[in-house]
Amino acid sequence: MDIRDFVNIEDLEQLMQDWSDATGLATIGVDLNGEYFTREINFTDFCIKYTRGSQKGLSQCIKCDTECTGTYYCHAGLMDFSYDITVDGQKIGAIIGGQALTEEPDEDKFRNIAVELGVDPDEYIEALRKVPVRSEHSIKASAKLLSDIVNIMVNNNYKTMQSVNQIDCLDEDIEKAANLIKEINEKSQQLDKIESKQNILSLNASIEAARAGEFGRGFAVVAAEVGKLAVNSGEINKSIKRTLKELTATVKELENANSAI
C-alpha cells in the first residue's frame with residue numbers, strides 16, 4: 001500500500017508545515033522503503049548539512065530513522081521522534097522529525113562530536129545555536145499530536161478512496177444489470193411473436209382438422225398441443241415480464257441511491 005496513491009501529499013505537507021510553524025520542530029514523511037514522500041520541513045543545517053552531510057553522521061542518522069520509535073535522543077544529542085502511519089492495522093510509513101534540544105547545549109561536548117564526524121567545530125556550533133530548545137514534555141506532546149492528526153487524515157483519505165471505488169463498482173454493476181434487462185426484454189418481445197404465431201398455427205390447424213372430418217382427428221390433436229404450447233409460452237413470458245418489471249424498479253432505486261451519494 002503506497003500512501004501516495006490515496007493521500008494528497010500537498011495537503012499533508014501543509015498540515016505538517018502548520019504544525020512545525022506552531023511548535024518550531026522539524027518533520028518529514030518516510031515510506032516503508034526509506035524514501036521521503038514529503039519535503040523536509042524546518043530542518044536546520046545542523047542536521048541536514050553537517051550531521052547528515054558527513055558520512056559517519058549519515059549512517060548514524062539512518063540507523064536512528066530505521067530502529068528508533070516514539071521520542072528518543074539521537075546520536076547527536078538532539079531529541080527526535082518517529083511515529084508509524086498505519087491503515088487498517090498495516091504500517092505504510094512513518095512521520096519522523098524533532099531536531100530539538102531539551103536544554104541549553106554543552107558546546108564543548110558538541111565540539112567533540114563535530115571532530116568525530118569530521119566537521120568544522122566552529123561551523124557545527126554556529127549551526128547548533130539555531131536548533132530550538134524545548135522541554136522534553138513539550139516535544140513528546142507535540143510529536144504525539146502530529147502523529148494522531150496525520151493518522152486521522154491518512155485513514156480518512158483511505159476510506160474516501162474505498163468509497164469512491166465501491167461507487168465505481170456499483171456503477172459498473174448497475175450498467176451490466178441494465179444491459180441484461182434490455183437483452184431479456186428483447187428476447188421477451190421475440191417470445192411474444194412466437195406466441196402469436198403459435199396461436200395462429202393452432203387456430204389454422206383446428207380449422208383444417210374440422211374440414212377434414214374423420215381424417216383430421218390426428219391433425220386436431222396436434223392443433224390442440226400447439227395451442228397448449230402457446231398458452232404455456234404465454235404464461236412463462238408473463239412471468240418473465242413481471243420479473244423484468246421488478247428488476248427494472250430495483251436498478252432504478254440503485255441508480256437514484258448512487259446519485260444521492
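A surface patch is made of residues with over 30% relative accessible area and no salt bridge, like charges being joined within 9 Å and nonpolar side chains (Val, Leu, Ile, Met, Phe, Trp, Tyr) within 5 Å. In this predicted model, local features need pLDDT of at least 70 and side-chain atom pairs count only at pLDDT 80 or more, while totals for chains, interfaces and linings use all residues. Residues are numbered from 1 along each chain as its sequence is written, and side-chain values use heavy atoms, with hydrogens and water left out.

Glu103, Glu104, Asp106 and Asp108 form a negative surface patch. Asp106 is partly exposed, at 45% relative accessible area; buried means under 20%, exposed over 50%, and partly exposed in between (1.4 Å probe, protein chains only).

The structure holds 11 salt bridges, each a side-chain nitrogen of Lys or Arg within 4 Å of a carboxyl oxygen of Asp or Glu. Three of them are listed here.

| Salt bridge | N to O distance |
|---|---|
| Glu107 and Arg129 | 3.0 Å |
| Glu126 and Arg129 | 3.7 Å |
| Lys140 and Glu136 | 3.0 Å |

Helices (H or I, at least four residues) and strands (E, at least two) are DSSP runs, numbered from the N terminus. Arg129 is exposed, at 53% relative accessibility, whereas Glu107 is partly exposed, at 28%. Lys140 and Glu136 are four residues apart in helix α6, which means that about one helical turn separates them.

Technical notes:
Accessible areas come from the Shrake-Rupley method with a 1.4 Å probe; for residues, only the protein chains shown count as cover. Lys and Arg count as positive and Asp and Glu as negative; His and the chain ends are not counted. The place of a charge is taken as NZ of Lys, CZ of Arg, CG of Asp or CD of Glu.
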